[in-house]
Amino acid sequence: MAHRGWKRNGFTPARKAVAVEALGKYGNVVDAALAAGVSDTTFYRHLNKDPDFFRDCELARAKAARPLETLAWQRATEGTPETIIRGGEILQVKMKPSDSLMAMLLRASNPKKFGRLSRGGPTRGQIERKLRKEIEAQVRAELARERRVDPKALFDKLSERIAEMEAEEEEEARRARGEE
């Protein structure tokens, strides 16, 4: 018998269809996997292996996101009911908009303008990750020229160079803030 690519009691094409439909309804992988009767690990494994399943899931997620975004926008602008109680009696029910939800929606719609990077550029960790390989290559080349590839010397040189870069970065940040 030819191999079908799935176990008889596993994540069959019928179960994948149920999972995609549930993902479109709930927008959540755990709930979609539960509806299909498989684990979320199995769901993710098939998501990574099967490009057709991945495409179907992306479409389902987009379908699920529309009503959620509409509801979030409504709660951010119009608000949710807030009951004011005094003396054990309902005094007033007013609509309270959510500033934090509005901020989140703005960050999601335009991360360059409203997101983390708009507050002063990349973080220290991002800069370090980007430059670490370059620095290490420079130090290794320098050590190779000196014909001594001692791990401790390499570590010391790297640490020294990173400390220099951090000091330079800190100095630039002070200058940018207007501190002298």
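These legends walk through several close-up views of a predicted model. Residues are numbered from 1 along each chain as its sequence is written, and side-chain values use heavy atoms, with hydrogens and water left out. Because the model is predicted, local features need pLDDT of at least 70 and side-chain atom pairs count only at pLDDT 80 or more, while totals for chains, interfaces and linings use all residues.

**View 1. The whole protein chain, read from one end to the other.** The chain has eight helices and two strands; these are DSSP runs numbered from the N terminus, with helices being H or I of at least four residues and strands being E of at least two. Along the sequence, the pattern goes α-α-α-α-β-β-α-α-α-α. Of the 180 residues, 21% are buried (buried means under 20% relative accessible area, exposed over 50%, and partly exposed in between, with a 1.4 Å probe and protein chains only).

**View 2. Helices α4 and α5 packing together.** Two packed helices are described by the angle between their axes and the distance between the axes. Here α4 and α5 (residues 99-109) pack at about 135 degrees, with their axes 8 Å apart. Axes are lines fitted to C-alpha atoms, for helices over the stretch in contact, and angles run from 0 to 180 degrees between N-to-C directions. That makes α4 and α5 oblique to each other: under 35 degrees counts as roughly parallel, over 145 as roughly antiparallel, 65 to 115 as roughly perpendicular, and the rest as oblique. Their crossing is left-handed, a label used when the near helix is turned anticlockwise from the far one by less than a right angle, with right-handed used if clockwise.

View 3. The crossing of α7 past α8 is right-handed. Look for lysine 157 and glutamate 142, which form a salt bridge with their closest N and O atoms 2.6 Å apart (a side-chain nitrogen of Lys or Arg within 4 Å of a carboxyl oxygen of Asp or Glu). This pair links distant parts of the chain, with lysine 157 in α8 and glutamate 142 in α7, 15 residues apart. Lysine 157 is partly exposed at 25% relative accessibility, and glutamate 142 is partly exposed at 27%.

**View 4. Salt bridges within single helices.** In one of them, arginine 55 meets aspartate 52, with the closest N and O atoms 3.4 Å apart; the two sit three residues apart in α4, about one helical turn. Over in α8, glutamate 170 and arginine 174 pair up at 3.1 Å, N to O, and they are four residues apart, about one turn of the helix. Salt bridges that share partners join Glu170, Glu171, Arg174 and Arg175 into one network.

**View 5. Around the strands.** Ile85, Ile90 and Val93 make a nonpolar surface patch of about 320 Å². Isoleucine 90 lies in strand β2 (residues 89-96) and counts as exposed at 61% relative accessibility. Glutamate 78 is in the loop between α4 (51-77) and β1 (80-86). The C-alpha atoms of glutamate 78 and serine 98 are separated by 8.4 Å, though these residues are 20 apart along the chain. Patches are made of residues with over 30% relative accessible area and no salt bridge, joining like charges within 9 Å and nonpolar side chains (Val, Leu, Ile, Met, Phe, Trp, Tyr) within 5 Å; accessible areas come from the Shrake-Rupley method with a 1.4 Å probe, and for residues only the protein chains shown count as cover.
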